Amino acid sequence: MCRTADANVFGESDDLVVPEKQANKASPTVATESVEERGSTKGNVDQQATDRTQCRNSVSFGLGGVRKAARRDKRMRFTALLHHITPELLLSSFLDLKRQAAPGIDGVTWQDYAKDLETRIADLHDRIQRGTYRAQPSKRTWIPKADGRQRPLGLAAVEDKIVQQATKTVLECVYEADFLGFSYGFRPGRGCHNALDALWVGLTSKKVNWVLDADIRGFFDAIDHEWLLKFVQHRIADRRILRLLRKWLRAGVSEDGQWMETKVGTPQGSVISPLLANVFLHYVFDLWIEDWRKGHATGDVIVVRYADDFVIGFQHRSDAERCLGELRERFCKFGLELHPEKTRLIEFGRFAAERRAQRGPGKPETFNFLGFTHISGKTRKGAFTIQRQSMAKKMRAKLQEIKASLARRLHEDVSVTGRWLRSVVQGWFNYHAVPGNFPCLDQFLTDVQQLWRRALRRRSQRGRRWNWKRLKSLFTRWLPKPKILHPYPNQRFAVTHPR
């Protein structure tokens, strides 16, 4: 490691200055986190140096020193990191991969690679250290989206996934000290519901009257490789690590046996892409919006970002319009574009209903974020609150998926279908069972019951024997009942962010 204080390697000092941000839980005397204006995040920095392996044992790979050095000096550039990619880390990374994932271009599955694993890992580690490791192209596949379009996914080879997972583990030790508090996507110890909690608390506790609901058009396919590598070099000066990143970015994709070069973008579905995306947006968006809300806004501003989806709340409309215009220019500079159909500036907050009623009929506008429609509402006592409902489009898409699967399972044993359907419904509940969303849960269960009933009655000419009495017994046995599983957002936010 080199303690070189070179934080700007390509002359963008005005845009890319890192604001001072005290490490979470850095010392008992630190009561607030300056960037977020809230209490320090419990357990965000003093986590274990590596993720737990599947055997639930904490394994140390000597990365604790990297984490401490990154927190201690935000200008430090690390010149020696590749030696942290050890055979033990590669083995742990292999065990962390999804075992049922589709194979890449080489056709090797997780189970295939597990055969003679020690020899394979030793050979892979030797090739990495000698610089003879070669990245393979990603196998492109397409998955349907809720709006009927298709999303491209890149399936990497198992060996590439292992090296990417190990590299990600090393780089996270550096970048988790830099990422700001309002960034939640694809970070250890953070998830969708943490972002939803932060948004709910921000909208209800701050003076927010306008909301910018934004989405970056084709973000993963538009990331500029040169800018990305320049951003990475702010912290990483190990040429061998940078060479690995270049190999993955330039490996290309293979579709129907034809190789295509990739000059921009990172494959969606690859292990390293989420971290690289967070690094890119950290410099392009996070640092910029943090500086903007402190130095240019005239009122309260809240920010919550999950990957390329983000929501910004403003107290004044003038701030919102000015920020939107400057944000478009900022993104254009780095090859990004706000999606014109998915980016909206709406009036939202505790006074939205009253002000719209004065101007004429019409309910306050709503916005969608992470699968939920957010609505300006009131509690039973008349206090302002944010009501969250499952997005209708997402629910319809899920029901269509279940309907298609039931048609394929038409002649399976009822108990087999019941166990599968129970896992699907419970999985939906596990995410969507937030306070205030019970009607959507109940409606989802009712629709699933109707779909299963129709499938059972089409099994044969004797399908009409499935009367409602018999069906009710079947539903009670196999389908879970809807109930709220998540605490109120302010309660969970207070636990994860104690003041």
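Predicted model: local features only at pLDDT ≥ 70, side-chain atom pairs only at ≥ 80, totals over all residues.
Residues are numbered from 1 along each chain as its sequence is written, and side-chain values use heavy atoms, with hydrogens and water left out.

**Entry 1: the whole protein**

I counted 17 helices and 13 strands in the protein; helices (H or I, at least four residues) and strands (E, at least two) are DSSP runs, numbered from the N terminus. Of its 499 residues, 51% count as buried, where buried means under 20% relative accessible area, exposed over 50% and partly exposed in between, with a 1.4 Å probe and protein chains only.

**Entry 2: strand β5**

I then followed β5 (residues 210-215), where 6 of the 6 residues are buried, so the strand is largely enclosed by the rest of the structure. Which residues point one way from β5, and which the other way? I saw W210, L212 and A214 on one side and V211, D213 and D215 on the other, and all are buried. In a regular strand the side chains alternate between the two faces of the sheet.

For its neighbours, I noted that β5 runs antiparallel to β9 (residues 309-314), with 6 bridges joining them, and that β5 also pairs with β10 (residues 344-347) in the antiparallel sense over 4 bridges. Two strands pair if DSSP finds at least two bridges between them. In β10, I346 is the bridge partner of V211.

**Entry 3: residue R235**

I located R235 in the loop between α8 (225-232) and α9 (239-249). Is R235 buried or exposed? It counts as buried, because its relative accessibility is 1%. Its side chain reaches the backbone oxygen of A70 at 2.9 Å. Leaving aside residues up to four places away in sequence, I listed what R235 touches (heavy atoms within 4.5 Å), including A70, D73, F78, Y175, D178 and Y283.

**Entry 4: the open sheet**

Lastly I traced an open sheet of 4 strands in the order β4-β3-β6-β7, with mixed pairing. Its edge strands are β4 (150-155) and β7 (258-260), each of which pairs on one side only. Within this sheet, β3 (residues 138-144) and β6 (residues 253-255) pair in the parallel sense over 2 bridges, and I found V253 of β6 as the bridge partner of S138.

Terms used: Polar contact = N/O pair within 3.5 Å; in protein donor to acceptor, adjacent residues only side chain to side chain.
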